[in-house]
Amino acid sequence: MELSDRELVRIAGSICTQLAMLKTRRYGRIAEEISRVLISLDELHSIQQRLIICSQRGWHAAARSVQAQTLRIVTHLPAMANELKWSLESSVAESPSLGEVCDELRQLDEEFGSLRHNGEGGFISVTTDAIELEGIYLGEFQLRLNIENISQAKLPSALAVVAIDPHPAASNRHVTHPHVSDEQLCSGDGRTAMQAALAGGRLCDFFMLARGVLENYNPDSPFVPLADWEGIICSDCGYSMSEDAVHCCTACGRDFCDECMSFCRRCDESVCQSCIEDCPACEESCCPECMTDCPTCGRRVCKVCLKENNCLCVQEAKEKTNEPGSEEPAGVAGGPGNETAAEHAGAGRR
Amino acid sequence: MRVLFVNNDGGGFADYTDVAPGTSVEKFFSQHLPGRDSADFLIRVNRQPVPREYVLQEGDRVTMTPTKIEGASRS
């Protein structure tokens, strides 16, 4: 073990303090749960009085309404009672002694062979073996228990699952395991047992249960199914596809699926829908290579329209010229002393 | 005689339980987790791995932890 006996005792002391705080919080929670049960019982008592009156006076419609209220309360009572029962049972367990927590830490080191303490981060950690599920390699995971969050007895805040050499899902880089997202383990069926183990100071059981979740795959409820783990993701819609179904945009170089891909009507190159531009003159979809700025009006038009002198500014100028009494705008129409948009572009190139 | 049984299956609990003298770990497992396969559990006695035929002693701490737990995608 890397930890000295002195360090081990110091960590165990911090954990014992947290467990004592947790126990104090549990008493408060039990009092709240008792209050909830008592409120329901008071409501039932009130309903009983109203039912007696309804019965004596023959108010059947009112009695039916009161019965519906009764049903609502008695439906929720068992769940409230069970919650209270669980809280009572879990708080009865004796808090472990300092020596027992030290034994837990030693066992943890024996089971995983890698117990570490990070003083700055305030956590203890162990590392799993490399995990592979259904032929997909996910690598090793470091399980970090934040000591200061033990008293919260909430798994998401207490346990972080960190991929050491991440092999995340192609569709979501935050999902490093089908049941881990943003370093949070969704323990599913193991949740209650893990909370019980943590509250009881059974640290080794807690970590072994977490490992049990990581070494298994539940295809019914993953963040990302293993079937979609690998592959290439469409940059637009996020669809996961095989390599041979990928289209690469010649403009931005990103990968897209068939649905999100388009093509340039001028050069036939594959272009994504973000890169494609519509020429305002011919209204065709073109790639950035086939588009250019009109040197006269600055509009983005396709090179063909510019070459054929079809930019909107030329059309607009012609329309103005044809209007009775209008003056010829400078630098637009093809009159003496003026260049067309295409000639201007050509002169620029020369 | 009594042993401390830590069952991490399901809800997870720890409590003392009576066992007949001469009860092996394998028998104890089948009594307390009937229908389950011991291969799917990590079984420890006094924090150490033991063979199936190990005979439980007064005051032993027996831990059974499932190794196949179904995770989910929501806490």
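## Close-up views of a predicted model

In chain A, 48% of the contacts with a separation of 6 or more are between residues 24 or more positions apart, where contact means heavy atoms within 4.5 Å. This is a predicted model, in which local features need pLDDT of at least 70 and side-chain atom pairs count only at pLDDT 80 or more, while totals for chains, interfaces and linings use all residues. Residues are numbered from 1 along each chain as its sequence is written, chains are lettered from A and ligands numbered from 1 in the order in which they are written, and side-chain values use heavy atoms, with hydrogens and water left out.

**View 1. Chain A as a whole.** Chain A holds nine helices and 19 strands; these are DSSP runs numbered from the N terminus, helices being H or I with at least four residues and strands E with at least two. Of its 350 residues, 41% count as buried (buried means under 20% relative accessible area, exposed over 50%, partly exposed in between, with a 1.4 Å probe and protein chains only).

**View 2. The largest nonpolar core.** Here you meet a core of 53 residues, where A:I15, A:L105, A:I124 and A:F207 have the most contacts inside it. Helix α6 of chain A (residues 203-214) gives the most to this core, with nine residues. A nonpolar core is a set of buried Ala, Val, Leu, Ile, Met, Phe, Trp, Tyr and Cys residues joined through side-chain atoms within 4.5 Å. Not counting residues up to four places away in sequence, A:F207 touches A:L108, A:F112, A:I124, A:V126, A:L143, A:L145 and A:L159. Another core, of 25 residues, lies apart from it, and A:C249, A:C264, A:C272 and A:V301 are among its members.

**View 3. B:R47 beside chain A.** Look for B:R47 in the loop between β3 (41-45) and β4 (48-49) of chain B. B:R47 is buried, with a relative accessible area of 14%. Its side chain makes polar contacts with the side chains of A:E104 (2.8 Å) and A:Q107 (2.8 Å). A polar contact is a pair of N or O atoms within 3.5 Å; within protein, one must be able to donate a hydrogen and the other to accept it, and residues adjacent in sequence count only if both atoms are side-chain atoms. Leaving aside neighbours within four places in sequence, B:R47 is in contact with A:E100, A:D103, A:E104, A:Q107 and B:R61.

**View 4. Residue A:I34 on helix α1.** Finally, find A:I34 in helix α1 (residues 5-57) of chain A. A:I34 is partly exposed, with a relative accessible area of 37%.
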